[in-house]
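I record here what I looked up in the structure shown below. The entries follow the order in which I consulted it.

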2 protein chains.
Amino acid sequence: MAIKDNKTEQHIIDTAMHVFFTEGKLNATTQDIADAAGVNRTLIHYYFRSRDQLFDSVFEKARLAAMIESEAVLETTLPFKKKTEKLIDVFLKRLKTYPFLEIAITTGLNQMETAFPASNPKYMQQFLKEVQVEMNKGTIQKSKPVHFMINLFSLIVYPFIVKPLNLQLFGLSEQEYEKIVNERKKVIMGLLFSE
Amino acid sequence: MAIKDNKTEQHIIDTAMHVFFTEGKLNATTQDIADAAGVNRTLIHYYFRSRDQLFDSVFEKARLAAMIESEAVLETTLPFKKKTEKLIDVFLKRLKTYPFLEIAITTGLNQMETAFPASNPKYMQQFLKEVQVEMNKGTIQKSKPVHFMINLFSLIVYPFIVKPLNLQLFGLSEQEYEKIVNERKKVIMGLLFSE
DNA sequence: TTATTGTTTAACAATTTTGTCAAACAAAGG
DNA sequence: CCTTTGTTTGACAAAATTGTTAAACAATAA
């Protein structure tokens, strides 16, 4: 192979994403990932130099993608309620594939010496203003706009994070829980919007 | 010291709880904990035999305590709304001390080969019936009772889990976020109960 | 063909983390 | 004092994980 051939590299990335963020094994070793990918462990070092660089690489890429995806929705000119629905869709879709990405993002943040560049993006500031407008109109509960966002994110994300716990606590099967999850959008919209 | 003296053991437990569930370093090494406790690392093996047994020990104790605490509230004879408020109080208090216990419980569950004994406790079944009654009365949004519980837990717990992320996303200081957190109870009650 | 480039592998080395052990130490009772 | 019991420590061993290297291998182009 004289010409570059990145299909192995991509395969390792895909596998790592799956092991880390789908299976939730955030501390998987290079051997774990090599096994899951069916490749020699040394290849991970060949392509990514170190275990940490592999993790950082896939993590940062996924985090950025998630950010951009949300941003894209929030910056559309859809009416507020539609925009919220779209945001729920986007989140639900990602969470079904990578439920643990969210956990990685937040627990990761906690332990970073080198904190992320403090962002507070403008699209969020902008959307918070829209939230304020809706509160004034009375379409959503009146409080600080941040609460609306926290409520929204909480209601969407948390059920995915605690799925195994909920299965036990409520005595549900995988199938029953998936059904519940598919009802979430409707439940959330009903809760957040006063008709 | 001829008579048993468990203050070092207790100190290690307390420190481990803090490192694991307050600081969120769920993968802290024995050295990390020994350092934090200011004791020789070997003492951890002396008292707990292995790192895993230390973790399992404090984790299982904390998990059980959390369960029992919730159970106690749900089994009181308070009216539904009061009971819900009390539950929020109990959760908020624990989350302020050990925000990462919840994460440990859920991510832990995911990776256990030996799953917990499938519980689905009766007190939960009982409370779900009460939820159903309230839905019929129209005091809370009509859907499956599980959704009410999921909504409740989500709204309480999630803001703690994603605190660092939220600080950035909304451009808030620690103080501002604490203020927000202290408003959660009111916001949640307002959202879940129609008046 | 063979030289070149990139890929894959096994063997090995280094590091990190965990676990063991024997000896030192401290308190209390006889 | 000295024995007993429980505690603490440092030195050491073992295991797990990560990282490096050199050599084998495959594809392609000159």
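**Entry 1: a loop residue and its surroundings**

I began with L26(A) and found that, leaving aside residues up to four places away in sequence, L26(A) touches F20(A), F100(A) and A104(A). I note that the model is a predicted one. I located L26(A) in the loop between α1 (7-22) and α2 (30-37) of chain A. Is L26(A) buried or exposed? I counted 20 C-beta neighbours inside 10 Å; a residue is buried at 20 or more, so L26(A) counts as buried. I also checked L26(A) against I105(A): the two are 79 residues apart along the chain, and their C-alpha atoms are separated by 11 Å.

**Entry 2: helix α7 of chain A**

I next compared the length of α7 (residues 122-137) of chain A with expectation. Its 16 residues should span 22 Å at 1.5 Å a residue, and the end C-alpha atoms are 23 Å apart, which agrees.

I then asked which residues of α7(A) are buried. I found F127(A), V131(A) and E134(A) to be buried. They lie on the same side of α7(A), because the arc they cover around the axis is only 60°. I looked up what this side meets: the buried residues of α7(A) pack against α4 (51-74), α5 (80-97) and α8 of chain A. On the face turned away from the buried side I listed the exposed residues K122(A), Q125(A), Q126(A), K129(A) and N136(A). After α7(A) comes G138(A), for which I noted a positive phi, near 85°.

**Entry 3: helix α8 of chain A**

I turned to α8(A), one of the elements against which the buried residues of α7(A) pack. I read 17 residues and 24 Å from the first C-alpha to the last, close to the 24 Å expected at 1.5 Å a residue. I recorded a bend of about 30° at L155(A), with a proline, P159(A), following within four residues. Of the 17 residues of α8(A), 15 are buried, so I regard this helix as largely enclosed by the rest of the structure.

**Entry 4: the contact between chains A and B**

How many residues does each chain bring to the contact? I found 41 residues from chain A and 41 residues from chain B. On the side of chain A that touches chain B, the elements giving two or more residues are α6 (101-111), α8 (145-161), α9 (163-170) and α10 (174-192) of chain A. I noted that α8(A) gives the most to this side, with eleven residues. I sorted the residues of this side of chain A into 22 nonpolar, 17 polar and two charged.

Technical notes. Residues are numbered from 1 along each chain as its sequence is written. Chains are lettered from A and ligands numbered from 1 in the order in which they are written. This is a predicted model: local features need pLDDT of at least 70, side-chain atom pairs count only at pLDDT 80 or more; totals for chains, interfaces and linings use all residues. Two residues are in contact if their C-beta atoms, placed from the backbone, lie within 7 Å. Ala, Val, Leu, Ile, Met, Phe, Trp, Tyr, Cys and Pro count as nonpolar, Asp, Glu, Lys and Arg as charged, and the others, Gly among them, as polar. The expected span of a helix is 1.5 Å times one less than its number of residues. A residue is buried if 20 or more other C-beta atoms lie within 10 Å of its own, exposed if 12 or fewer, and partly exposed in between; C-beta atoms are placed from the backbone. The arc is that of the directions from the helix axis to the C-beta atoms. The bend at a residue is the angle between axes fitted to the seven residues ending there and the seven starting there.
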